[in-house]
Structure formats: structure tokens, C-alpha cells
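Student: Hi! Could you walk me through this structure in plain words?

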Amino acid sequence: MEVSRRRRRKDDLPRAPTWWWWTLVILLVSMETRAVYALDMWWQLGVSGVERWKNHPTYVLGASQPVIGLCAQIKGLSARQLRLCTTYQDHMSSIGRGAKMGIGECQFQFRDRRWNCSTVQDSSVFGPLIQIASREAAFTHAISSAGVVHAVSRSCREGDLASCGCSRARRPKDLHRDWIWGGCGDNIEYGYRFAKAFVDARETERNHPRHSRELARMMMNLHNNEAGRKAVYNYAKVECKCHGVSGSCALKTCWQQLPTFREVGHRLRDRYDGATEIRFNRRGTKLVRKNKNFNKPSKEDLIYLDESPNYCVANPETGSLGTVGRVCDKQSQGMDGCSLMCCGRGYNTFKQKLTERCHCKFYWCCYVKCKTCERVVDVNTCK
Ligand SMILES: *[C@@H]1O[C@H](CO)[C@@H](O)[C@H](O)[C@H]1NC(C)=O
């Protein structure tokens with residue numbers, strides 16, 4: 001089908017009027033430049049083909065063969081990322097997993113906000129929205145870079161990567177002296193270092209002049225990438241396991257453990273809510289607070305350059321989807337409440353039948369029996 005369509009187009013085109021031809025050419029060219037400008041991102045790895053990557057024969061064989069071809073197939077890698085890909089092929093599925101975790105967590109944290117972190121079908125992953133240096137862009141950079149730290153640290157511990165293993169973090173000073181430090185821990189040091197090298201690579205490839213928009217955006221991205229890594233790195237925990245006769249816990253073995261990714265998501269969402277607006281200093285070399293009444297942002301805080309677009313109405317130019325049709329809560333005064341979510345346009349209410357398990361009873365021993373109940377609930381969606 002593809003073939004016949006293409007052939008037909010080939011036959012048709014010469015007969016089409018020339019102005020039509022030129023429109024097509026201009027359209028194609030502008031689409032092309034737009035695609036480049038649309039910030040191809042390595043996040044793409046989290047959307048497509050991590051599993052395909054893992055099952056790829058070159059990868060499975062340990063790949064002494066050139067894998068450049070394979071890395072080049074991934075859309076959204078910058079030149080330096082491409083080089084890292086060929087050197088550390090075995091890391092790529094962890095990076096994909098990290099990006100995927102980041103996207104999933106973003107959608108969870110923003111499920112009841114006007115901007116809900118939905119993705120689009122191209123290599124920018126989050127669509128044209130990310131071109132605006134808003135706090136939403138800040139969040140996506142932070143959460144995806146946190147995802148990579150998390151995934152790589154865990155992969156080291158699980159023995160999936162050739163160049164790292166269990167954490168070699170020092171024994172914490174306050175650990176009870178009878179407890180053993182030495183379980184295999186998440187290698188957060190390695191995860192941090194690798195994520196920094198890989199994620200930041202695409203930002204630092206080019207030099208930008210002072211005062212330029214590109215320089216500001218580059219510095220903003222670098223800062224937020226770091227904030228994301230810190231949201232994992234600075235919150236490593238100590239986890240212990242008891243040994244000894246029937247759980248007497250006479251002996252404990254402890255190791256370094258990653259925070260859960262949900263915790264990381266909550267933390268970064270708080271940082272999003274308190275993000276700092278920044279601008280260039282007078283020399284155009286550094287980013288400083290726009291409003292001096294606010295605190296200086298720390299390394300863990302998110303920063304942004306531009307006000308967010310209006311997420312109330314759909315706008316293909318900014319990539320905003322609008323909130324028409326979004327489910328809202330009539331009772332809530334928060335962001336998920338109908339008045340804020342629907343931006344004052346009002347809402348429609350309809351009834352929905354829910355089937356759920358109910359009247360559950362526990363029988364000795366050991367099963368639970370439930371009935372199914374039907375319940376009708378009101379669902380509100382924005383006009
Ligand atoms: C976000 O909201 C839009 C409607 O505004 C909806 O089409 C989309 O499925 C939602 N995405 C997620 C991830 O919930």
C-alpha cells in the first residue's frame with residue numbers, strides 16, 4: 001500500500017501547478033527546521049524501544065561489532081550522547097528505564113493540574129511546550145535526570161552493568177557499632193556521575209554568546225538537571241536487615257538504599273511549586289533572581305526564565321492541550337477543583353456506573369469472598 005501510494009504521488013507531482021510544488025517544498029523545509037528546533041531529546045528512549053534495545057542481537061552478544069548503527073537509530077541523542085551510547089551500550093536500557101520512570105512520575109504528580117504532563121508522538125516527547133523555558137520545562141528536565149540517576153544506581157547494584165557494582169559508600173558515622181555495613185547497596189555515586197555525563201552532554205556541546213537566549217536556556221537546563229540528580233543523591237537512606245535466631249535481630253546488615261521514586265517525585269513537585277524565576281545578570285553571563293525579595297535558589301531548587309503559557313485553552317503553537325473534557329472535582333477548592341481546572345468555563349455532569357467489590361468476608365483459612373456492587377457516581381468534566 002505504501003509503495004503504491006508513493007508511486008502515485010510521484011506520477012502526480014509533475015503535473016501539479018508549480019506554485020503548489022513550491023508550497024510543498026517550503027512546507028517540508030520549514031517542517032524540517034522545526035523538527036530540529038523542536039528539541040530532540042534523549043527522553044525519546046523512555047517512550048520507545050527500551051525492550052527492543054535489550055533484545056537486540058548485537059547487544060546480547062556483548063557487541064564487539066559496531067553498534068554505532070544501533071545508537072544512531074535512537075532519535076534525540078546529541079553528538080556527545082551518541083558517543084557515550086557507543087561506549088556504554090549496556091547503560092542504554094537503564095537510561096531508557098530512567099526516562100520512562102521520569103515521564104510516568106511526571107504524569108502522576110500532575111494528574112490533577114491544568115498541565116498534566118502528557119506526551120506527544122515525536123522525539124521532543126513533551127511537544128512544543130518544552131521550547132518555552134517555563135517551570136514545566138524545568139520540572140521535566142529535573143525528573144528525567146533524576147530518573148537516570150535512579151535507574152543507573154539500581155542497575156549497578158543488580159549487576160547489570162559492566163563498569164559498576166555495589167555501592168562503595170563509606171559507613172555512616174552514626175550507624176550502630178554492632179551493625180555490619182556491607183550489604184550490596186545502590187551505587188548512587190556512580191549513578192550520579194553517569195547521569196551528569198550523559199544528561200548534561202547535550203547542553204554543553206556548543207558555546208553560546210553572552211546575553212544570548214541559548215546561553216540562558218543552557219544554564220537553566222543544567223541547573224534543573226542538577227536539581228533532579230540532587231533530589232535522588234542527597235536523600236539516600238540506610239536500609240538494614242535483621243539476622244539472628246528467629247528474628248531476634250541480634251545482628252544487622254546495612255547498606256545504602258535509593259529513596260523511592262515516588263518520594264523523588266513529591267520532592268521535585270514541591271520544588272516546582274516554589275520554583276524561582278531568573279534572568280541574566282547585567283553582564284549576561286550568570287543567572288540571577290528576578291525578584292530580590294525571594295530567597296536565592298539553592299542547587300536543589302528549580303529555576304525558570306519564562307512565564308508559563310495559558311494551559312486553559314488549547315493552542316497548537318505553545319502545545320497547550322487546554323482543559324476541555326478534563327475530569328474535575330466539584331468539592332475541591334484546589335487545582336483539581338472544577339472552578340480552577342475549568343478556568344471559569346463551567347462543567348458538565350454525567351452519571352457513571354461503577355462496579356466494585358464490596359461486602360468482603362474473610363473465611364478461615366484463608367480466603368476472602370466479595371460481592372460485586374454497582375454504584376452510580378457523578379462525573380464532572382470541564383466545558
Ligand atoms: C491530559 O489532558 C488531556 C486533555 O486536556 C488528555 O487528552 C490527556 O490524555 C491527558 N494526559 C494524561 C497523561 O493524563
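Tutor: Happy to. Let's start with a term: helices (H or I, at least four residues) and strands (E, at least two) are DSSP runs, numbered from the N terminus. This is a predicted model, where local features need pLDDT of at least 70 and side-chain atom pairs count only at pLDDT 80 or more, while totals for chains, interfaces and linings use all residues. Residues are numbered from 1 along each chain as its sequence is written.

Student: Ok, how many helices and strands are in the protein chain?

Tutor: The protein chain has 13 helices and 11 strands.

Student: And what percentage of the residues count as buried?

Tutor: Of the chain's 383 residues, 32% count as buried. A residue is buried if 20 or more other C-beta atoms lie within 10 Å of its own, exposed if 12 or fewer, and partly exposed in between, with C-beta atoms placed from the backbone.

Student: Which residues touch the most other members of the largest nonpolar core?

Tutor: Those are A142 and L302, in a core of 59 residues. Such a core is a set of buried Ala, Val, Leu, Ile, Met, Phe, Trp, Tyr and Cys residues joined through C-beta atoms within 7 Å. Several elements each supply at least two residues of this core, among them α7 (79-87), α8 (92-109), α9 (135-157) and α10 (188-201). The largest share, 11 residues, comes from α9. In soluble globular proteins, nonpolar side chains tend to be buried together.

Student: What does L302 touch?

Tutor: Leaving out residues up to four places away in sequence, L302 touches R135, A138, F139, A142, N224, A227, R271, Y272 and A275. "Touching" here is being in contact: the C-beta atoms of the two residues, placed from the backbone, lie within 7 Å.

Student: Let's look at α9. Where is V148, and is it buried or exposed?

Tutor: V148 is in helix α9. V148 counts as buried because it has 32 C-beta neighbours inside 10 Å. Not counting residues up to four places away in sequence, V148 touches I95, G98, A195, F198 and V199. V148 and F198 are 50 residues apart in sequence, and their C-alpha atoms are 9.1 Å apart in space.

Student: Which residues of α10 are buried?

Tutor: The buried ones in α10 are I188, Y190, G191, Y192, F194, A195, F198 and V199. They pack against α7, α8, α9, α11 and β3 (251-257). As for length, α10 has 14 residues and reaches 19 Å from its first C-alpha to its last, close to the 20 Å expected at 1.5 Å a residue. That expected span is 1.5 Å times one less than the number of residues.

Student: What about α7, which residues are buried there?

Tutor: In α7 they are Q81, L84 and C85. Seen down the axis of α7, these buried residues fall within an arc of 105 degrees, so they line one face of the helix. The arc is that of the directions from the helix axis to the C-beta atoms. On the other side of α7, A79 and T87 are exposed.

Student: New topic! Which residues are around the ligand?

Tutor: They are Q107, N116, S118, L321, G322, T323, G325 and R326. A residue is near a molecule if its C-beta atom, placed from the backbone, lies within 6 Å of it.

Student: Where does G322 lie?

Tutor: G322 lies in the loop between β8 (320-321) and β9 (327-328). G322 is partly exposed because it has 16 other C-beta atoms within 10 Å. Not counting residues up to four places away in sequence, G322 touches C312, V313 and A314. G322 and C382 are 60 residues apart in sequence and 10.0 Å apart in space, C-alpha to C-alpha.

Student: Last one: what is phi of C117, and where does C117 lie?

Tutor: Phi of C117 is near 65 degrees, a positive value in a residue other than glycine. C117 lies in the loop between α8 and α9. With 21 other C-beta atoms within 10 Å, C117 is buried.

Student: And how about H359? What is its phi?

Tutor: Phi of H359 is near 45 degrees, again a positive value in a residue other than glycine. H359 is in strand β10. H359 counts as exposed because it has 9 C-beta neighbours inside 10 Å.
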